[in-house]
Amino acid sequence: MFKPKYLIIDVDGVMTTGQFFYSEKGKVFKIFGPDDNDALSIISKYLKVHFVTGDRKGFKISKKRIVYDMGFKLDLVSTINRLKWIEKKYDLEKTIYMG
């Protein structure tokens with residue numbers, strides 16, 4: 001029986017709309033949902049929640065929401081290396097990945 005212990009979530013497209021807002025200064029905004037923190041607070045009682053993003057240019061924006069506002073861990077991991085990164089850090093038999 002599959003009994004998950006970890007939930008790994010890709011920030012962009014799951015936590016955001018996937019849209020990026022640019023000005024002449026570059027990427028300046030992302031849209032996050034208002035209720036994500038409440039739902040993830042409940043889930044985190046049962047699973048260890050960890051976030052990843054491949055968005056190097058928007059990392060500071062994601063870090064502000066995920067780490068400072070919500071209190072979860074966030075790592076910058078390219079999509080190409082994502083599976084290897086997960087395999088090194090987590091037991092795949094106990095991990096859910098949402099991307």
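## From a buried lysine to the cores

Lys-27 is part of strand E3, which covers residues 26-29. The model described here is a predicted one. Start with the burial of this lysine. Lys-27 counts as buried because its relative accessibility is 14%, and the cut-off for burial is under 20%. Its side chain has a polar partner: a contact of 2.6 Å links it to the side chain of Asp-55. Beyond its neighbours within four places in sequence, Lys-27 is in contact with Phe-20, Phe-21, Tyr-22, Asp-55, Lys-57, Gly-58 and Ile-61.

Now step back to the whole chain. It has four helices and six strands. Along the sequence they follow the pattern β-α-β-β-α-β-α-β-α-β. The radius of gyration is 14 Å, close to the 13 Å that the globule rule gives for 99 residues, so the chain is as compact as a globular protein of that length. The C-alpha trace spans about 50 × 30 × 20 Å along its principal axes. Of the 99 residues, 35% are buried. The accessible surface comes to about 6,700 Å². Carbon and sulfur atoms account for 55% of that surface. Consider contacts between residues at least 6 apart in sequence: 63% of them join residues at least 24 apart.

Next, the interior. In soluble globular proteins, nonpolar side chains tend to be buried together. Here the largest nonpolar core has 14 residues. Met-15, Leu-40, Phe-51 and Ile-66 have the most contacts inside it. Four elements each supply at least two residues of this core: strand E1 (6-10), helix H1 (11-15), strand E4 (48-53) and helix H3 (59-69).

An α-helix has 3.6 residues a turn, so residues three or four places apart point the same way. Leaving aside neighbours within four places in sequence, Ile-66 is in contact with Val-11, Met-15, Phe-32, Phe-51, Gly-71, Phe-72, Lys-73 and Leu-74.

Helix H4 (residues 82-89) comes next. Arg-82, Trp-85 and Ile-86 are buried in it. They cover an arc of only 95° around the axis, which puts them on the same side of H4. Leu-83, Lys-84 and Lys-88 are exposed on the other side. The cover over the buried residues of H4 includes E1, E4, strand E5 (73-76) and strand E6 (95-98).

Finish on E6, the strand that holds Met-98. Is Met-98 buried, exposed or partly exposed? Met-98 is partly exposed, because its relative accessible area is 39%. Not counting residues up to four places away in sequence, Met-98 touches Ile-8, Ile-9, Asp-10 and Val-14. Between Met-98 and Lys-25 there are 31 Å in space, C-alpha to C-alpha. In sequence, Met-98 and Lys-25 are 73 residues apart.

Note on methods
Residues numbered from 1 in each chain as written. Predicted model: local features only at pLDDT ≥ 70, side-chain atom pairs only at ≥ 80, totals over all residues. Heavy atoms only, no water. Core = buried A, V, L, I, M, F, W, Y, C linked by side-chain atoms within 4.5 Å. Buried < 20%, exposed > 50% of the residue type's maximum accessible area, 1.4 Å probe, protein only. Contact = heavy atoms within 4.5 Å. Polar contact = N/O pair within 3.5 Å; in protein donor to acceptor, adjacent residues only side chain to side chain. Rg over C-alpha atoms; globule rule 2.2 N^0.38 Å. Areas by Shrake-Rupley, 256 points an atom, 1.4 Å probe, with all protein chains shown as cover. Arc of directions from axis to C-beta.
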